[in-house]
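This report describes a structure chain by chain and then across its interfaces. The sequence and the model come next.

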Amino acid sequence: MPTFVDILEYIGTFAFAISGIRLACQKDFDVFGAYVVGLATAIGGGTIRDLLLDTTPFWMLKSSYLIWSGIALIFVYLFRRHLIRLNNTFFIFDTIGLALFTVVGIEKTMNMEDCNYPFWTAIIMGTITGAAGGVIRDIFLNEIPLIFRKEIYALACIIGGITYYISQALFDNLVITQIASSASIIITRIVAVKYKIGLPHIKREDN
Amino acid sequence: MPTFVDILEYIGTFAFAISGIRLACQKDFDVFGAYVVGLATAIGGGTIRDLLLDTTPFWMLKSSYLIWSGIALIFVYLFRRHLIRLNNTFFIFDTIGLALFTVVGIEKTMNMEDCNYPFWTAIIMGTITGAAGGVIRDIFLNEIPLIFRKEIYALACIIGGITYYISQALFDNLVITQIASSASIIITRIVAVKYKIGLPHIKREDN
Amino acid sequence: MPTFVDILEYIGTFAFAISGIRLACQKDFDVFGAYVVGLATAIGGGTIRDLLLDTTPFWMLKSSYLIWSGIALIFVYLFRRHLIRLNNTFFIFDTIGLALFTVVGIEKTMNMEDCNYPFWTAIIMGTITGAAGGVIRDIFLNEIPLIFRKEIYALACIIGGITYYISQALFDNLVITQIASSASIIITRIVAVKYKIGLPHIKREDN
């Protein structure tokens, strides 16, 4: 039986894969290409994290992530005419995925036995887990990575990481900390999108 | 003395490097850039495989791959006016390389001592060995990876991997399995190119 | 107290980060995106080296690299109207960084205890340490990597690596070898830029 966290992780995988598959189809990738882009969006961040932590990439021993990416492909095919109406639902799923992936990345880093990483490294690993899949997706699509130009996305992961650190120091309770960290990511992301809050840009030199 | 498999591997390296070098020259890369792109095409897939398997990248202890990529560079320079006529020959070499790299990737994964990977992971590692070098090449060239849009390429590796699994289960004979797997890749690729068989695309949402 | 080599390394990190941040700002990245591109330019090469060598990426246990990339971001913001006038200064810093990163990469490879790498592998690792960050930067910017098309850059690292090998064989003195190797990189780079020396291109096939 999958646990509650497993179910959240599958929701995140599904939502991340859908974002990759949809963009790939818009660029006229074939179904195989779309599947690879969806899969890379879903598992790319965690794979980079695991390579940096020198541990076996999480998807190499458990097939759920490949299967859920495949379900996402079938879903996009079946509902291709109705996906735009579901954009808000996908946004919620994607944000849940972002929050959960970040917390998973932080905890995996802190639980590595070989090496005592400082907490800021854990925050970076959480951010990579949540946000690097989207960077790989955009490189495959031959686009400038979206998270470098628009919206608050990776910054939400960093805020979630700092919240994790503070909450754990204050309450020393894992469940409270996980909820506080996830909530801070979800709220940051929703507020940023709703009120169109973005980060400033440094003006070009030639202006 | 190089073995028969060594010779096939050098042919594959040479053919993969040539595909990278030719495309780089078309984009006006200098000879160093062309060499790096050719080398990355030839060794990129195996390097990603070895990073994922947490083993020393194969080319770091054996200089043949760098040397064959260098020979490919000289070859492209000398025969630059005659390469188009050799396209069919390169296609055969490239397909042999694809088949061999895939089989090598599968077997290296199954022979890892630290970790018992499921067979589907071995198929993915075989496919990465065969096809990921071309993805890196296209990223360096700032193009959308060709294998995501056109032709059956990576899918041939997956078919080869499934053939490997079935053949090994039926005959339990390594040589028969290697030949069956390679042959299935080569035949799939030749049939797909000859009859222009491609994978379907999911229509855009806005149509 | 930071050592002399530490200080050179911080200068290199600062200069590499500035090159990434400036180009990112020109492409209208937000401050977070600019910081990530600057950081990736500064630490990307060493990270790939450490993944290939199967050792913990150098920046995961020491925060200086992240901090110096942050200082570079603030610097670019404060002096955004005056940066063009500083181009020559940045060029010197960047070249010092290139030389130092290459030497660090060579020595880290030769000092790996688990594995006896041949010296040509150390030269490649030195070149990756010095030059791969710029390749990642250009991929993030969705540009063809500059070092594949223009100027002598990575080749200077290779010349520095060969100089390292010859000097160590002749003098067997670490300090002399480090100085000789760095100097050969800096001189190659300065001469190449001053006299606009580039590598030849192989003419296109269709000409």
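How many residues does H6(B) have, and how far does H6(B) reach from its first C-alpha to its last?

## Basis

This is a predicted model in which local features need pLDDT of at least 70 and side-chain atom pairs count only at pLDDT 80 or more, while totals for chains, interfaces and linings use all residues. Residues are numbered from 1 along each chain as its sequence is written, and chains are lettered from A and ligands numbered from 1 in the order in which they are written.

## Helix H6 of chain B

H6(B) has 18 residues and spans 25 Å from first to last C-alpha, close to the expected 26 Å. The expected span is 1.5 Å times one less than the number of residues. Helices are DSSP runs (H or I, at least four residues), numbered from the N terminus.

Ala154(B), Leu155(B), Ala156(B), Cys157(B), Ile158(B), Ile159(B), Gly160(B), Gly161(B), Tyr164(B) and Ser167(B) are the buried residues of H6(B). A residue is buried if 20 or more other C-beta atoms, placed from the backbone, lie within 10 Å of its own. These buried residues pack against H2 of chain A, and also against H4 (87–110), H5 and H7 (174–194) of chain B. Two residues are in contact if their C-beta atoms, placed from the backbone, lie within 7 Å. After H6(B) comes Asp172(B), with a positive phi near 50°.

## Helix H7 of chain C

H7(C) covers residues 174–194, 21 residues in total, and reaches 30 Å between its first and last C-alpha, close to the 30 Å expected. Its buried residues include Thr177(C), Gln178(C), Ala180(C), Ser181(C) and Arg189(C). Among the elements covering the buried residues of H7(C) are H4 (87–110) and H6 (154–171) of chain C. Lys196(C) follows H7(C) and has a positive phi, near 50°.

## Thr102 of chain A

Thr102(A) lies in helix H4 (residues 87–110) of chain A. Thr102(A) counts as buried because 31 other C-beta atoms lie within 10 Å. Thr127(A) is 25 residues away in sequence, yet the C-alpha atoms of Thr102(A) and Thr127(A) are 5.8 Å apart. Beyond neighbours within four places in sequence, the contacts of Thr102(A) are Gly126(A), Thr127(A), Thr129(A), Gly130(A), Cys157(A), Gly160(A), Gly161(A) and Ile185(A).

## Interfaces

Between chains A and C, 24 residues of chain A are in contact with 27 residues of chain C. On the chain A side, the elements giving two or more residues are H2 (31–52), H5 (119–140) and H6 (154–171). H5(A) provides the largest share, three residues. By class, this side has 14 nonpolar, four polar and six charged residues. In this classification Ala, Val, Leu, Ile, Met, Phe, Trp, Tyr, Cys and Pro are nonpolar, Asp, Glu, Lys and Arg are charged, and the others, Gly among them, are polar.

The contact between chains B and A takes 24 residues from chain B and 27 residues from chain A. H2 (31–53), H5 (119–140) and H6 (154–171) of chain B each give two or more residues to the chain B side.

The copies use different surfaces, and 17% of the contact residues of chain B recur in chain A. Copies are superposed by least squares on the C-alpha atoms of residues with pLDDT of at least 70 in both.

Chain A is likewise superposed on chain C by a rotation of 120° with 0.0 Å of shift along its axis (RMSD 0.0 Å). Asn142(A) is the residue of chain A that comes closest to the rotation axis, its C-alpha being at 3.9 Å.

Key
Buried ≥ 20, exposed ≤ 12 C-beta atoms within 10 Å, placed from the backbone.
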